[in-house]
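Please open the structure in your viewer and keep the selection panel at hand. The stops below are meant to be taken in order.

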Amino acid sequence: MRNYLKQIRTILWKDLLVEFRTRERLIAMGAFVVLVAILFNYATDWARVSPEDIASGLVWMTIMFAGLLGVGRTFHLEAEDGAFQGILLSPVPKDAIFIAKALANFVFLYIVALLVVGVFIFFFGLEVGGSFGMLTLVIALGVLAFVALGTLFTAVSTGTRMGDTLLPVLIFPLLAPVVIYGTGATSQFLAGRPVTEAEGSIRMLAAFALTAFFLGSWLFRFVVED
Amino acid sequence: MSTKKILLAGTMLAMIGLVWLGVVYWMSFFWVSTEVTQGIAQRIFYVHVPAAWTSFLAFGLAALFSGMYLWLRDERLDRAAVSAAEGGMVFATIMLTTGPLWGKIAWGTYWTWEPRLTLTLLLWFIFLGYFLVRSSTENPEKGKRHAAVVAIVGALDIPFIHLSVIWFRSLHPAPVVIKPEGPTLPGDMLTTLLMSLGAFTVLFLGLFLLRYSLENLRSELDTRSRHASV
């Protein structure tokens with residue numbers, strides 16, 4: 001067990017270190033998020049709609065698209081020089097590789113997701129108020145579900161001729177519950193409703209995230225075997 | 001069973017299904033009484049609901065065979081999975097075209113976010129991904145495995161999608177006046193529906209077996225041509 005955690009930690013640390021040194025993915029995703037918000041400004045008549053009414057949907061869709069941009073690169077670095085073959089040949093269980101890769105994606109996307117909320121507060125004067133803590137929890141659960149399915153299906157789409165273009169076709173239909181419960185809970189927070197009203201959505205999101213994570217770590221071995 | 005026997009069984013079942021379907025069409029056009037509130041348009045029901053049922057059956061089988069394929073690695077299970085998935089796509093497409101046609105007349109709008117309609121649409125896209133993965137992976141063995149993973153995740157995701165689209169609907173009630181089936185179904189409508197369910201199921205099983213034997217023949221041809229070239 002200790003060995004297993006160590007293996008996960010090693011791969012996770014490698015991915016985080018590479019990213020924090022190059023900052024390629026974070027910069028790309030961060031810039032994407034800010035630019036999307038700028039375009040949203042011109043796509044919406046803010047004089048007629050208040051940010052609280054539509055922000056929940058925009059925040060979640062921005063997270064989805066930024067996530068697509070991020071997880072699509074999960075295996076690109078290793079694809080060069082056959083480094084991924086090396087990881088697969090190493091005596092690390094396949095599910096440990098999956099968990100480490102998914103957790104690294106989680107860290108990147110969670111940072112970007114919080115940036116999305118920040119951008120909406122900064123640009124559109126979104127009032128988050130006292131529900132900020134719960135909002136970060138809901139986003140964490142949604143992002144966890146996203147990276148679980150995203151990491152699994154990036155491994156699938158990387159092996160196809162279509163590459164990253166296949167990824168949204170594969171994961172968007174599966175992620176419908178995340179968008180539905182995520183925006184549901186978020187709009188309840190933004191409307192200033194008590195947290196208990198969003199409890200059902202949060203539970204469903206948690207159940208979905210755990211199921212997705214379990215499925216990913218179980219099925220990943222079938223995707224990468226040769 | 002040899003491919004020849006499966007081919008024969010498939011042809012027989014498909015023929016029976018087609019004749020049965022003819023009977024169902026006759027029943028739904030001439031025999032069954034017209035529904036009072038929706039009028040003649042309600043007759044789409046006898047195609048729409050059985051198509052939905054058949055597509056769910058087919059996608060369920062595809063996921064089941066996919067799971068067994070990953071476990072046992074028998075080529076025949078993969079062929080069965082892809083045959084069932086194709087049938088599911090066909091019947092889901094029928095469900096998704098008859099739904100809006102009926103909806104336009106019954107609800108006054110082509111699309112409502114009716115949970116079952118939404119679920120079928122998402123399922124259609126999940127299996128579109130299944131076929132894209134299969135066809136765009138360079139190594140066919142890999143493509144089969146990856147497609148099986150898509151089918152399994154899709155099947156296990158369905159309960160969540162189902163619950164969430166119903167929950168969404170409870171938050172945003174759509175302007176629906178008439179429920180698709182109505183509270184209780186009069187006797188002759190129920191008879192027609194059950195007949196239609198039978199016809200669609202038999203037709204699907206026939207097409208499934210035909211498709212499956214086609215896959216068998218294809219792989220046999222593949223093996224023979226490979227032997228010939230050596």
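The tour goes from one chain to the interface and then into the other chain.

This is a predicted model, in which local features need pLDDT of at least 70 and side-chain atom pairs count only at pLDDT 80 or more, whereas totals for chains, interfaces and linings use all residues. Residues are numbered from 1 along each chain as its sequence is written, and chains are lettered from A and ligands numbered from 1 in the order in which they are written.

**Chain A as a whole**

Select chain A, whose secondary structure comes to 10 helices and zero strands, where helices (H or I, at least four residues) and strands (E, at least two) are DSSP runs numbered from the N terminus. Its C-alpha trace spans about 55 × 35 × 30 Å along the principal axes. Of the 226 residues of chain A, 46% count as buried, a residue being buried if 20 or more other C-beta atoms lie within 10 Å of its own, exposed if 12 or fewer, and partly exposed in between, with C-beta atoms placed from the backbone.

**The interface**

Next, select the residues of each chain that touch the other: 22 residues of chain A are in contact with 28 residues of chain B, two residues being in contact if their C-beta atoms, placed from the backbone, lie within 7 Å. On the side of chain A, helices H8 (167-171), H9 (176-190) and H10 (199-224) each supply at least two residues, and the largest share, seven residues, comes from H10(A).

**Two helices of chain B**

Now select residues 45-72 and 115-136 of chain B, which are helices H2 and H4; they pack at an angle of about 40°, with their axes 12 Å apart. Axes are lines fitted to C-alpha atoms, for helices over the stretch in contact, and angles run from 0 to 180 degrees between N-to-C directions. To see where they meet, show Ala52(B), Ser55(B) and Phe59(B) in H2(B) together with Arg116(B), Thr120(B), Leu123(B) and Phe127(B) in H4(B).

**A loop proline**

Finally, select Pro186(B), in the loop between helix H5 (140-171) and helix H6 (187-229) of chain B. Pro186(B) is exposed, with 12 other C-beta atoms within 10 Å.
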